[in-house]
Amino acid sequence: MSVDEDSVRVLVESMKKRIEELESYIAKSGDQAAWTKTCKSTMESCLSRLTEFLPTPEGQALDVPRLEKVARCCGLPFDCDLSGNTSTTCYISCDNFFLEIELSSESIVGEVKLGHGDIAPRPQEKLQALLRTGRYVAFCRHLRGLIAIYDLPGPKEDRATVYSALCAVEEDVLAYSKSVQTYATPVDTILRHPLGAVQPRECGKLMRTTFFISPISAADISSKEVNDIGNAGVSGSVAVAMTLGNHTLSKKPVHQVKESTHDVTFAPIASESSINVPCTFVLLLSESVAAPSSVAHQVLEATKMQDTGLTPSGLLHSVLHREVISEAQSIHGPTQDTHQRHDVIVPSGVLAFFVGVDKSQSTSTENAVRLQEIHFTHPEQLLTVIKLLRRQLAYNVLIKSCFAPSHACINSFSSVQIVDVEGDGMSSIRVTFEHPATKNLACVVVTIKLDGVVSARLALADGDPCTCTDDVATKIASQCLALPALVYSIRKRLSPANEST
């Protein structure tokens, strides 16, 4: 369970205030009834439990009994070597990894080392910082993460071999990530880097790559570094997962660096460094991605995996509509669900969206599936997978922008413009609306390329004035990823008042 330290601080202060109020009541009223004593005792017990989740000032002595409790809760043995005259060493271990925690004579945390099997232990600054500040909950999450890495059947030697394969693929991903050009901002890295913004594994926290972010979330991290983006955007964590059949993985990195250009390429898995095991690497997505079944099969084709039974969820646009309605109801309560017409309020009035499918494209009428765990066996496969996911996510965000539920009274607006939207399910959306100057139909086609780049092309009736270029429409579509904003902006530029500008 994730614990928000700021929220805990608020609860602690509130609990302290309630205890003070109760003590004041008891002192003034002289009420010594059993219920007041029980109430006070219960609140003090809750306060004591809550304070355990708060970090302590750095430099404070380590709470060894509490550290032992954390280890035992994770199912790990705990031991302390008290033979040193001026220091103590604590050990947390299991069959596959072990931690050495050095303490001074005042129980101040010194070096913290992590070892895996026969691999020599290495210093872990992150774990050291967590223990020095008393952040036992975060420390516990890292322990559970380390345990999860080895959550595989078979003898200790086989699990150690699989761990070496995981380390190898992580090294490959990092090497490729560093070989690509540096982008100006974290948002550009997320959206343009072939692998997204890659964050290496840190103790029990899996390697993660963030490869898509919506414009709204992008505004929150525009001034941050890649390592500080937190949980923003859509990401995937690299782990190991069991499978029914055996697969070939490499125990050693397969990337190669060209001396002349320093470009990184991936070689096939060499037989001498390969292992045949009933597991694969897996990209664990931070949120499920709705996609047509054809896109799911493209992912399976890229990773050379078999279809293990993806469950259809209905037509893609219906699935996306249900997502929007569900999110709105969780925030605002019950929302009117029209299913056919979707009204979006803009400064000029109301845009009434009718979202359908492009029946000329077979992908638009396919059942959608949800992608959550993507298995792979070679790092090069991730390049194609991330391209497919990035394109699908951009398409989904554009379609979902039409479904924004409104809580205002639509009848109070005098201007309602009909907008017809047809999409192919993965890469193309055709939006048709009325030209504000001539009342003829106008159309803008939004295309999402495989690399995630969004473009827009405007088509007007012969003779209709055009005061909005394709470049302007493309800029609006790519920056907003919102069809209402695109239609409103184009109509504003096409209006008679703007013909001379």
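Mentor: A salt bridge is a side-chain nitrogen of Lys or Arg within 4 Å of a carboxyl oxygen of Asp or Glu. Keep in mind that this is a predicted model.

Trainee: What makes Glu68 and Arg72 a salt bridge?

Mentor: Their closest N and O atoms are 3.3 Å apart, and the cut-off is 4 Å, so the pair qualifies. Glu68 and Arg72 lie four residues apart in helix H3, which separates them by about one helical turn.

Trainee: Why is Glu68 called partly exposed?

Mentor: Buried means under 20% and exposed over 50%. Glu68 has 30% relative accessibility, so it counts as partly exposed. Arg72, at 43%, is also partly exposed.

Trainee: What makes Lys439 exposed?

Mentor: Its relative accessibility is 53%, and exposed means over 50%. Lys439 forms a salt bridge with Glu434, with the closest N and O atoms 3.8 Å apart. Glu434, at 26%, counts as partly exposed.

Trainee: Which parts of the chain does the salt bridge between Glu323 and Lys400 link?

Mentor: The N to O distance in that pair is 3.0 Å. Glu323 is in helix H10 and Lys400 in helix H11, 77 residues apart. Both residues are buried. Glu323, Arg370 and Lys400 are linked in a network of salt bridges.

How values were computed: Residues numbered from 1 in each chain as written. Predicted model: local features only at pLDDT ≥ 70, side-chain atom pairs only at ≥ 80, totals over all residues. Heavy atoms only, no water. Helix = DSSP H or I, 4+ residues; strand = E, 2+ residues; numbered from the N terminus. Buried < 20%, exposed > 50% of the residue type's maximum accessible area, 1.4 Å probe, protein only.
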